[in-house]
Amino acid sequence: MNETQHEENAIVNEIMEALISCEKCHFCNTVCPILDCRITQGSFGINRSIYYGLKWDELDTKLRDLVYSCTTCGKCVEMCKKVSRALPLVDVFEKMREYLLIEKMMGPMPEQVNVLKNMHIQGNPWGNPSHERTKWDGRHDVPFASEANPVDVLYFVGCASSYDPQAQKIAKNLSTILKTANINFGILEGETCSGHEAKRMGETGLFAYLAEANMNMFMETKASRIVTGDPHGFYSFTHEYPEQMKSFHVQHYSQFLNELLDEGKLNLTKKQNKTITYHDPCYLGRRSGIYEDPRNLIKKVPGVTLVEMENTRAESNCCGMGGGRMWTELPHDLLPSQTLGEKRVLEAIATDADILVTACPFCNITLNDAVKSLGQEDTIEVIDITELVIRSL
């Protein structure tokens with residue numbers, strides 16, 4: 001057996017070892033967000049399809065489509081922890097994506113091929129020019145952090161907030177807030193993709209390449225703290241980046257802004273007099289365990305009444321764009337009558353809230369699109385939590 005075959009067998013054995021432990025209780029189905037999308041038996045269906053596909057060596061595009069349909073939201077894992085063997089189901093699905101992509105050259109989804117190329121060549125999934133990454137700062141008054149220009153706080157902007165016109169407002173808002181608080185901060189002139197979505201799609205080599213590129217820039221800045229508004233990047237920084245990442249204090253901006261308010265460096269004085277509901281992003285809440293910081297931040301805005309949706313915190317429903325789903329459409333026979341984003345917006349509307357607040361650029365984009373597709377622009381407004389802070393400054 002050559003080395004390649006040995007590595008392939010090791011991956012298969014790792015996947016099968018986890019799936020053999022499945023007790024087939026089907027409880028993961030009760031929370032899987034894609035179950036309603038007519039995908040065979042939701043997370044349990046993906047689980048069994050992988051098992052029998054590997055067992056009988058029957059791997060085809062239908063299995064690939066099923067494996068890549070997962071949003072990696074982690075609800076199945078939470079349920080398995082409660083009632084069964086705590087199987088790392090999302091890890092298994094991602095390992096299968098890696099196997100299909102690297103060993104069998106069957107992945108990712110066709111629309112995702114160029115996404116991975118764009119990450120490698122341009123440093124972002126959309127393929128926008130790398131030199132336009134900081135174009136959102138139209139006034140050019142946000143300094144670049146470097147060895148020659150040391151900063152206390154390094155702001156990692158992320159791809160969505162760098163390029164998407166809607167999400168760019170997050171970067172502008174946070175920069176304004178940090179300036180108001182007199183924080184010595186800067187951004188990376190050569191910032192590149194965190195690599196998070198590459199790993200989710202199974203391209204672990206590209207993830208390692210991008211992680212190393214960012215790590216080298218982080219180390220050069222000499223900053224002790226990294227703040228980001230991207231829960232996906234935050235998760236990779238705190239769970240998947242090399243060991244050297246532990247030398248940095250990494251925070252999501254909701255954590256950092258709470259600190260600034262508690263220390264009196266920011267003052268929220270303008271009353272909003274709005275009823276607000278909060279959507280927990282999967283990679284900030286369920287995957288990273290950060291539930292209270294965004295809520296505490298909302299509660300510190302004068303005049304605000306916070307109401308909760310039916311499914312919150314660890315039970316929060318996914319917006320549908322994680323796991324690489326931002327850049328691919330499901331096959332026609334798997335398309336739902338309602339998107340996951342639309343379902344989440346309807347949950348928010350049911351609370352009678354004026355505003356739906358989130359703390360993730362992907363969620364912000366998707367939920368805003370969902371409000372428009374539902375024709376509910378006059379019913380509820382979707383904003384990022386930085387916008388709420390800006391309105392109260």
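**Close-up views of a predicted model**

**View 1. Serine 161 sits in helix H7, which covers residues 159–163.** This is a predicted model, and a single residue is a handy place to start. Is serine 161 buried or exposed? With a relative accessibility of 1%, serine 161 counts as buried, because the cut-off for that label is anything under 20%. Setting aside neighbours up to four places away in sequence, serine 161 is in contact with Trp136, Ala167, Gln168, Ile170, Ala171 and Pro361. Lysine 172 comes 11 residues away from serine 161 along the chain, and 8.9 Å separates the C-alpha atoms of the two.

**View 2. Four strands line up as an open sheet, in the order E6-E5-E7-E8.** The pairing here is parallel. Which strands are at the edges? They are E6 (305–307) and E8 (381–384), each of which pairs on one side only. Going from one strand to the next, the twist averages 35 degrees. In general, strands of a sheet pair through backbone hydrogen bonds, and they can do this in parallel or antiparallel fashion.

**View 3. Zooming in on the sheet, strand E5 (residues 275–278) runs parallel to E6.** How many bridges join E5 to E6? There are 3.

**View 4. The largest nonpolar core of the protein has 87 residues.** Met119, Phe218, Met245, Leu257 and Val357 are the ones that touch the most other members. Helix H10 (residues 204–221) supplies the largest share of this core, with 7 residues. Take methionine 245 as a way in: leaving out residues up to four places away in sequence, methionine 245 touches Met215, Phe218, Ile226, Phe237 and Val250. Another core, of 32 residues, lies apart from this one, and its members include Ile46, Ile50, Cys70 and Cys76.

**View 5. Stepping back, the whole protein comes to 16 helices and 8 strands.** Its radius of gyration is 21 Å, close to the 21 Å that the globule rule gives for 393 residues, so the protein is as compact as a globular protein of that length. Along the principal axes, the C-alpha trace spans about 65 × 50 × 35 Å. Of the 393 residues, 58% are buried. The accessible surface is about 16600 Å², and carbon and sulfur atoms account for 48% of that. Looking at contacts between residues at least 6 apart in sequence, 78% join residues at least 24 apart.

Key. Residues are numbered from 1 along each chain as its sequence is written. This is a predicted model: local features need pLDDT of at least 70, side-chain atom pairs count only at pLDDT 80 or more; totals for chains, interfaces and linings use all residues. Side-chain values use heavy atoms; hydrogens and water are left out. Two strands pair if DSSP finds at least two bridges between them. Helices (H or I, at least four residues) and strands (E, at least two) are DSSP runs, numbered from the N terminus. Axes are lines fitted to C-alpha atoms, for helices over the stretch in contact, and angles run from 0 to 180 degrees between N-to-C directions. The radius of gyration is taken over C-alpha atoms; the globule rule is 2.2 Å times the number of residues to the power 0.38. Buried means under 20% relative accessible area, exposed over 50%, partly exposed in between (1.4 Å probe, protein chains only). Contact means heavy atoms within 4.5 Å. Accessible areas come from the Shrake-Rupley method with a 1.4 Å probe; for residues, only the protein chains shown count as cover. A nonpolar core is a set of buried Ala, Val, Leu, Ile, Met, Phe, Trp, Tyr and Cys residues joined through side-chain atoms within 4.5 Å.
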